[in-house]
Amino acid sequence: MFTGIVQGMATLVAINKKELFQTHTIELTDEMIEGLVIGASLAHNGCCLTVTEISGNHVAFDLMQATLRLTNLGQLNVGDQVNVERAAKFGDEIGGHSMSGHIALMAKLVEVITTENNRTLWFELPETSMKYVLSKGYIGLDGCSLTIGEVKDNRFSVHLIPETLNRTLFGGRKVGDDVNIEFDPQTQAIVDTVERVLANQK
């Protein structure tokens, strides 16, 4: 379980590519790696991955083909950065919303509006997925718990403060980038349940 409060960014220092499989190694700060053990979960751009090896501050993770295809982790090259969040612990402050680290799909960044104190990003999704996107609702974008701003047709916006821009990849995101999406699980459960009930009444 994660909260969507990204703790910082980590650099991808190695990629070991095999058939339908990759091992990614990132470099964590001393603070981020403290207490981390093999088998622990850590979110990369919102995608829950399992620690398979630790060597100093270098930490390795295995990615299956489905993960590489479904998320933007398959687009990464050595030197790129990822948003990282350690798994939540009981007793921690929950500043975002409950997130599983299971990515549904990617959204395309289609517009960036920058003002003096914040930045508004507009994303585009398939129409079939917009039923989970509600104005003022929660959504996970590259692992960040964010509040949805406006919703128009198959597009939605989020508003980002300077702290989010400094701490995460969104400070450098540009039009055309693909961003990992995790829908709010409560919203998704309600929508799917209502759809199922209505379908059974026909």
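**Close-up 1. Phe123 sits in strand E8, residues 119-124.** Strands here are DSSP runs of E with at least two residues, helices are DSSP runs of H or I with at least four residues, and both are numbered from the N terminus. This is a predicted model, so to speak of local features pLDDT has to be at least 70, side-chain atom pairs count only at pLDDT 80 or more, and totals for chains, interfaces and linings use all residues. Residues are numbered from 1 along each chain as its sequence is written, and side-chain values use heavy atoms, with hydrogens and water left out. Phe123 has a relative accessible area of 0%, so it counts as buried (buried is under 20% relative accessible area, exposed is over 50%, and partly exposed is in between, with a 1.4 Å probe and protein chains only). Leaving aside residues up to four places away in sequence, Phe123 touches Ala107, Lys108, Leu109, Val110, Leu141, Asn154, Arg155, Phe156, Val158, Phe170 and Val179; touching, or contact, means heavy atoms within 4.5 Å. Take Lys108 from that list: it is 15 residues from Phe123 along the chain, and their C-alpha atoms are 5.4 Å apart.

**Close-up 2. Asp178, in strand E12, pairs up with Lys108.** The two side chains make a polar contact of 2.9 Å. By the rule, a polar contact is a pair of N or O atoms within 3.5 Å; within protein, one must be able to donate a hydrogen and the other to accept it, and residues adjacent in sequence count only if both atoms are side-chain atoms. Asp178 is buried, because its relative accessibility is 16%. Not counting residues up to four places away in sequence, Asp178 touches Asn72, Gln75, Met106, Ala107, Lys108 and Arg173.

**Close-up 3. Arg173 is in the loop between helix H3 (162-167) and strand E12 (178-183).** Its side chain meets that of Asp142 in a polar contact of 2.6 Å. Is Arg173 buried or exposed? With a relative accessible area of 18%, Arg173 is buried. Not counting residues up to four places away in sequence, its contacts are Asn45, Asn72, Leu109, Val112, Asp142, Asp178 and Val179.

**Close-up 4. Asn45 and Leu20 both have a positive phi without being glycine.** For Asn45, phi is near 50°, and the residue is in the loop between strand E3 (41-44) and strand E4 (47-55). Asn45 has 0% relative accessibility, so it is buried. Asn45 is also one of the residues that Arg173 touches. Leu20 has a phi of about 55° and belongs to the loop between E1 and strand E2 (21-27). Leu20 counts as exposed, because its relative accessibility is 55%.

**Close-up 5. Gly96 is in the loop between E6 and strand E7 (105-114).** Its relative accessible area is 18%, so Gly96 is buried. Beyond residues up to four places away in sequence, Gly96 touches Thr3, Ile5 and Ser145. Leu36 makes a handy distance check: Gly96 and Leu36 are 60 residues apart in sequence and 22 Å apart in space, C-alpha to C-alpha.

**Close-up 6. Seven residue pairs are in polar contact across the interface of domain 1 and domain 2, both residues at pLDDT 80 or more.**
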